[in-house]
Number of protein chains: 2
Amino acid sequence: MPTPQSRRERAREERRELILRTARELAESDGWQAVTTRRLADSVDYSQPVLYGHFKNMDAIADAVALQGVEELVTVLRDARTSTPDPAGGLHALATAYLEYAAEHPAVYEAMFVRPTALTFASADTPALLKTAFAEIQAAIEPFAAGDDPETLTEVLWSALHGQATLTQATRLRPANHTERVALLITRLSGNSDHQGGLGRGHTRG
Amino acid sequence: MPTPQSRRERAREERRELILRTARELAESDGWQAVTTRRLADSVDYSQPVLYGHFKNMDAIADAVALQGVEELVTVLRDARTSTPDPAGGLHALATAYLEYAAEHPAVYEAMFVRPTALTFASADTPALLKTAFAEIQAAIEPFAAGDDPETLTEVLWSALHGQATLTQATRLRPANHTERVALLITRLSGNSDHQGGLGRGHTRG
DNA sequence: TAGATTGCCTAGCGGTGCTAGGATCCAAGG
DNA sequence: CCTTGGATCCTAGCACCGCTAGGCAATCTA
């Protein structure tokens with residue numbers, strides 16, 4: 001509904017978004033440790049207590065940013081996966097898109113999956129959104145499940161992507177080999193050695 | 001050097017280890033955010049400035065703990081890999097040992113690979129130790145490199161393990177499927193789905 | 001024993017998250 | 001018009017954080 005009751009409430013909502021946007025920018029530019037109540041309040045030109053009128057505490061702000069991130073990630077993954085009818089190509093595109101998003105929005109990614117704040121237990125509707133994101137990954141890898149449990153395979157793929165995302169951010173991996181790592185990962189995970197050629201092996205034991 | 005010069009220096013070294021051990025215990029029991037200078041100083045029954053006589057700052061303490069962890073991890077990985085002459089068995093054992101160490105020492109693991117403190121740039125001899133750890137993983141996966149670059153494949157494996165370790169700690173993955181995830185990961189990464197001969201999934205239905 | 005060195009503590013700085021209490025504004029009622 | 005009630009916002013402050021200056025006491029050297 002585009003008319004959120006009164007004008008006051010609309011102004012209030014706008015200010016909430018201002019806080020969120022500013023926190024996100026601050027985190028992306030200087031890291032989450034630089035997002036303090038005083039700095040954030042200064043940046044939005046309010047006093048600290050105003051922040052607490054919108055969010056329970058500082059972690060809740062990071063959680064809200066994380067929620068935005070999950071929504072964005074879902075559409076990014078869906079767009080990548082459905083960019084081609086070829087399952088192998090879709091999987092490769094999804095994996096690349098995942099790592100690209102993590103690289104381009106490191107602070108948001110950190111809020112989502114690295115920070116201790118449990119997004120799962122944040123609010124009631126959060127798990128549904130997270131399940132959607134998980135389902136996107138599953139849809140990409142499921143054609144290659146063969147005899148294995150698709151959900152477990154999805155967890156394996158997600159973990160592998162998550163590991164590459166975080167270790168790359170921490171400059172623990174050679175940045176140059178980014179492309180090769182993704183390609184090698186999805187090639188091996190999808191079960192055959194030439195993923196360009198399509199599905200390849202379909203049944204090893206009947 | 002078993003004789004560290006004077007008695008004073010030996011006492012000093014003992015106190016350094018006391019600080020390190022206490023910090024590690026504190027981190028494992030209550031998390032790194034609970035390891036503050038005041039609490040740590042209280043726990044070792046000294047004042048805060050004493051800590052700074054041994055370490056440059058708080059992060060340096062976490063780095064020292066991380067260094068201990070890498071040493072431990074190297075031996076754990078080596079023992080696991082060489083526990084069997086079978087390459088596939090060795091790889092599986094190494095992967096399991098890696099995740100087991102991460103699960104049993106979450107704070108140490110966090111200090112090593114999650115905390116922003118760059119262990120690589122910590123001191124001069126650190127990279128060598130890290131390279132040894134990396135080489136251990138590479139030794140386990142290299143037999144399955146086929147035509148692919150072994151180093152890239154090692155990065156892929158390590159990232160995948162790291163992802164499983166961190167997401168498991170954050171309770172983002174189902175803890176029950178721990179074993180299945182490792183088995184599926186190394187089965188697929190090692191190149192084929194059924195030359196594993198009973199290590200992982202598959203034959204548990206009879 | 002006198003002097004130098006070292007080890008250690010108390011006290012304090014600026015910063016953090018967060019909250020209480022009073023001031024101020026704004027919309028509705030007499 | 002003025003008054004009143006409620007929402008809005010800020011100043012000031014608490015306890016805690018990492019870290020450091022300065023002084024005191026114990027120890028080693030001569």
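## Contact between the chains

In this predicted model, 26 residues of chain A are in contact with 26 residues of chain B. On the side of chain A that touches chain B, the elements giving two or more residues are α8 (150-169) and α9 (178-190) of chain A. The largest share of that side comes from α8(A), with 12 residues.

By class, the side of chain A that touches chain B divides into 10 nonpolar, nine polar and seven charged residues.

## Overall build of chain A

Chain A has nine helices and zero strands. Along the sequence the pattern reads α-α-α-α-α-α-α-α-α.

Chain A has 206 residues, and 37% of them count as buried. Among the contacts in chain A with a separation of 6 or more, 58% are between residues 24 or more positions apart.

Helix α6(A) is mostly covered, with eight of its eight residues buried. The buried residues of α6(A) are A:Pro106, A:Ala107, A:Val108, A:Tyr109, A:Glu110, A:Ala111, A:Met112 and A:Phe113.

Helix α4 (residues 58-81) of chain A packs against α6(A) with the axes 8 Å apart and at an angle of about 105°. An angle of 65 to 115 degrees counts as roughly perpendicular, and α4(A) and α6(A) are therefore roughly perpendicular to each other. From α4(A), the residues A:Ala62, A:Val65, A:Ala66, A:Gly69 and A:Val70 meet A:Val108, A:Tyr109, A:Ala111 and A:Met112 of α6(A). The contact of α4(A) with α6(A) has eight nonpolar residues, one polar residue and no charged residues.

## The loop residue A:His105

A:His105 sits in the loop between α5 (87-104) and α6 (106-113) of chain A. Around A:His105 there are 21 other C-beta atoms within 10 Å, and the residue is therefore buried, since the cut-off for a buried residue is 20 or more.

Leaving aside residues up to four places away in sequence, A:His105 touches A:Glu28 and A:Gly69. A:Gly69 is 36 residues from A:His105 in sequence, and the two are 8.7 Å apart in space, C-alpha to C-alpha. A:Gly69 is also one of the α4(A) residues that meet α6(A).

## Packing of α5 and α8 in chain A

The axes of α5(A) and α8(A) are 10 Å apart, and the two helices pack at an angle of about 30°. Angles under 35 degrees count as roughly parallel, and α5(A) and α8(A) are therefore roughly parallel to each other. The crossing of α5(A) past α8(A) is right-handed.

On the α5(A) side, A:Ala95, A:Tyr98, A:Leu99, A:Ala102 and A:Ala103 meet A:Leu161, A:Gln164, A:Ala165 and A:Thr168 in α8(A). This contact has seven nonpolar, two polar and no charged residues. Helix α8(A) is also the element that gives 12 residues to the side of chain A that touches chain B.

## Packing of α1 and α2 in chain B

In chain B, the axes of α1(B) and helix α2 (residues 37-44) cross at roughly 120° and come within 10 Å. That angle makes α1(B) oblique to α2(B). The crossing of α1(B) and α2(B) is right-handed.

From α1(B), the contact is made by B:Leu18, B:Ile19, B:Thr22, B:Ala23 and B:Leu26, and from α2(B) by B:Arg39, B:Leu40, B:Ser43 and B:Val44. By class, the contact of α1(B) with α2(B) has six nonpolar residues, two polar residues and one charged residue.

## Surface near DNA strand C

There are 16 residues around DNA strand C, and A:Thr36, A:Thr37, A:Asn57, A:Met58 and B:Ser47 come nearest. At least two residues of this surface are supplied by each of α2 (37-43) and α3 (48-54) of chain A and α1 (7-30) and α3 (48-54) of chain B.

The surface near DNA strand C divides into six nonpolar, six polar and four charged residues.

## Surface near DNA strand D

DNA strand D is surrounded by 16 residues, of which A:Ser47, B:Thr36, B:Thr37, B:Asn57 and B:Met58 are the closest. Two or more residues of the surface near DNA strand D come from each of α1 (7-30) and α3 of chain A and α2 and α3 of chain B.

By class, the residues of the surface near DNA strand D are six nonpolar, six polar and four charged.

Methods. Residues are numbered from 1 along each chain as its sequence is written. Chains are lettered from A and ligands numbered from 1 in the order in which they are written. This is a predicted model: local features need pLDDT of at least 70, side-chain atom pairs count only at pLDDT 80 or more; totals for chains, interfaces and linings use all residues. A residue is near a molecule or strand if its C-beta atom, placed from the backbone, lies within 6 Å of it. Helices (H or I, at least four residues) and strands (E, at least two) are DSSP runs, numbered from the N terminus. Ala, Val, Leu, Ile, Met, Phe, Trp, Tyr, Cys and Pro count as nonpolar, Asp, Glu, Lys and Arg as charged, and the others, Gly among them, as polar. A residue is buried if 20 or more other C-beta atoms lie within 10 Å of its own, exposed if 12 or fewer, and partly exposed in between; C-beta atoms are placed from the backbone. Two residues are in contact if their C-beta atoms, placed from the backbone, lie within 7 Å. Axes are lines fitted to C-alpha atoms, for helices over the stretch in contact, and angles run from 0 to 180 degrees between N-to-C directions. Angles under 35 degrees count as roughly parallel, over 145 as roughly antiparallel, 65 to 115 as roughly perpendicular and the rest as oblique. A crossing is left-handed if the near helix is turned anticlockwise from the far one by less than a right angle, and right-handed if clockwise.
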